[in-house]
Amino acid sequence: MARLRTGCGLLAALSILSGCGVFRPTPIPRGSLIEADDYNQLVPGTSTRADAVDLLGSATTKGAFDDNTWIYISMTTYLRPIDFPGVKKQQVVVLKFNNAGALESMRTLSRRDARPVAMISQVTPTPGTSINILQQILGNVGRYNPMQNMMGSSGNMGSGGGGMMNSNSGPGHFGSGNTL
C-alpha cells in the first residue's frame, strides 16, 4: 500500500511539473527576423543595396525623408494574460546608403536604446460650443424634411427658388450632398 501511495505521489508530481511547461508563454517572432551573423557580413564601404537585400531581405521600413536609410525591425513577444504582450527581445538594424547605393554605416539598436513614451491624460481642446445631451437630441428635430424641397414653398415659387434647386441644397436637405 505504501508503494502504491509513493508511486501515485510520484506520478502526480511528475504530471504537475510537466504541465508547467505547457503554461509557459510561447515566444512570438515579429518583423524581420535577422541574426547578427547575417548583418555582420555587410561591410560599410564595400557592400551595396543588393547585398543587403540578398542577406537580410527587404527592409521593414525606409526613412521618412530619406530613401537611403533602411530599417530592419525584429521583436520577440509573448502573451501575458489580461495585459499587453510582453517584449522578450527587440532589435533594430539601421543601414545608411549613399546615393550610389554603397553602404555608408550600420547601427544596431536594442531594447536598452528605446525611449518609453507615456500617454497623457489631458484632453485636446476643440473650438466650438459645448452642448449637453438634451441639445444633441432635440437639435435636429424638424431640420430634415425630404418633402420640403420637392413641394417648394409659396414664397419662393415666384422668384424661381422652389423645387430641387433652392438654397437648401446641401447635406441633409435632399440636395447634392445627400447620398440617400
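A word on conventions before the details. Residues are numbered from 1 along each chain as its sequence is written, and side-chain values use heavy atoms, with hydrogens and water left out. Since the model is predicted, local features need pLDDT of at least 70 and side-chain atom pairs count only at pLDDT 80 or more, whereas totals for chains, interfaces and linings use all residues.

Let me start with the core. The largest nonpolar core has eleven residues, namely Ile 34, Tyr 39, Leu 42, Ala 52, Leu 56, Trp 70, Tyr 72, Val 93, Leu 95, Phe 97 and Leu 103; such a core is a set of buried Ala, Val, Leu, Ile, Met, Phe, Trp, Tyr and Cys residues joined through side-chain atoms within 4.5 Å. Leaving aside neighbours within four places in sequence, Leu 56 is in contact (heavy atoms within 4.5 Å) with Ile 34, Asp 38, Tyr 39, Leu 42, Tyr 72 and Leu 95.

Next, Thr 77, which lies in strand β3. Is Thr 77 buried or exposed? With a relative accessible area of 4%, Thr 77 is buried, where buried means under 20%, exposed over 50% and partly exposed in between (1.4 Å probe, protein chains only). The side chains of Thr 77 and Arg 30 are joined by a polar contact of 3.1 Å, that is, a pair of N or O atoms within 3.5 Å, of which, within protein, one must be able to donate a hydrogen and the other to accept it, residues adjacent in sequence counting only if both atoms are side-chain atoms.

Turning to charges, there are two salt bridges, defined by a side-chain nitrogen of Lys or Arg within 4 Å of a carboxyl oxygen of Asp or Glu. Lys 96 pairs with Asp 66, their closest N and O atoms being 2.4 Å apart; because Lys 96 lies in strand β4 (residues 86–97) and Asp 66 in the loop between β2 (61–62) and β3 (69–78), this pair ties together parts 30 residues apart in sequence. The other bridge joins Asp 83 and Arg 80 at 3.8 Å, N to O.

Finally, Ile 137, in helix α4 (residues 133–138), counts as exposed at 56% relative accessibility.

Note on methods: Helices (H or I, at least four residues) and strands (E, at least two) are DSSP runs, numbered from the N terminus.
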